Amino acid sequence: MSPAAATTSTTATDVPEASPRAALQGLKVLELGQLIAGPFAAKTLADFGAEVIKIEAPGAGDPLRKWRLLKDGTSIWWQVQSRNKRSLALDLRAPDGQALVRQLAAEADILIENFRPGAMEGWGLDPEDLLAANPRLIVLRISGYGQTGPYRNRPGFGVIAEAMGGLRHLTAEPGRVPVRVGVSLGDTLAALHGVIGILLALQDRHRTGRGQVVDVALYEAVFNCMESLLPEYSAFGAVRQAAGSALPGIAPTNAYLCKDGGYALVAGNGDSIFKRLMQLIGREDLAADPALADNAGRVARVEELDQAIGAWTAQHSVAEVLALLDKASVPAGRIYTVADIAADPHYQARGMLESLTLADGTPLTVPGTVPKLSRTPGQHRRLAPTLGQDTEQILAEMGLDPRQIQDLRARGVIQ
């Protein structure tokens, strides 16, 4: 790894204290969710200094601990999703466990949950009651369909939200079955919308002193990113269809096959950029054509333009194409695999490839922190916790004595 890369060596014994420059230092967050959406939102807050207590079920903990590739029985993904957090293993179904959550919520700034609507209320943790006890509390609720509406009680995962939000219909080659994006995009979009909601609620709390509930539906987070899809249907009755690697209504922009079998992504859809691109590929006739001077004219002849660009890229390797396009100031790129990402000097220079050392001495590279703040940057302070790693410490901070903690553990309320 380049010396320019982040080289923080984080171990399991690091203390969860934020840098004095952390943007969210002093905020206390309870994370009651599991898997992806809620925990991703909490992770984002933790990266910027918030103290996050992750509440997990005794025994198994968050199911994400066992998802995808495992090392020593724990998912490598866990080190990304749960970094900078503390783990309190506590049974939310036990009355004593619920009482402890209410006590924690009474002192917290933010509570995050992504259970099916009604679950919190069934456990005696109705957000309205929590707000009554702590009017400054901000409660983020992430669910498949939101807390209201006829679908509220349906189970909803990210892949379903991507379909209902309109994204899945567009992710295909024309005439072929739509495919899913290879990551849990719906969950992550919902998490980011949740973080936005929390920050908005914090700003309002600065003025009013009062918290509120932030209601995020997975499908709405996806739908919010669908650009002109709905207004085009409303105004023209247009139902956008899948277009493969192109972007309908914007031209030219596509993936073009090169001589070595790879693809170059070329975005020549700016007016002046288009002229430079046509001049580069030897098509002065197209560069000078007044009918192609703006996007509307180019869209009408997009097949002709794609053929011209494709004929040129077919004569060169991907590397040659990208070098020539870069020299001509035409936006272009290649399709990265994770191996490309890990070797890329720009990723390294931006601190996006962070080096960790696990508790057993194993080195691990994980994504760095985003966004980049100039004065209060995010920081990876602590490895993801083992299940219940911080239970005794957290309960002691709440005022429980060792006998009380031992009794709760003996009855299976905590781990």
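Two strands count as paired if DSSP finds at least two bridges between them, and the strands themselves are DSSP runs (E, at least two residues), as helices are (H or I, at least four), numbered from the N terminus. With that in hand, look at Glu31: its bridge partner in E6 is Ile112. Strand E1 (residues 28-31) and strand E6 (residues 110-113) run parallel, joined by three bridges.

A word on the source: this is a predicted model, where local features need pLDDT of at least 70, side-chain atom pairs count only at pLDDT 80 or more, and totals for chains, interfaces and linings use all residues. Residues are numbered from 1 along each chain as its sequence is written, and side-chain values use heavy atoms, with hydrogens and water left out.

Now zoom out to the sheet. It is open, with six strands paired in parallel in the order E5-E2-E1-E6-E7-E8. E5 (85-89) and E8 (213-217) sit at the edges, each pairing on one side only.

On to the rings, where a pair (Phe, Tyr or Trp, its six-membered ring) needs centres within 6.5 Å, with planes under 30 degrees apart called stacked, over 60 edge-to-face and the rest tilted. There are five aromatic pairs here. Phe115 and Trp123 make an edge-to-face pair, because their planes stand at 85° with the centres 4.9 Å apart.

Tyr145, Tyr151 and Tyr219 form one aromatic cluster. Tyr145 counts as buried at 11% relative accessibility, while Tyr151, at 35%, counts as partly exposed.

Definitions and conventions
Buried means under 20% relative accessible area, exposed over 50%, partly exposed in between (1.4 Å probe, protein chains only).
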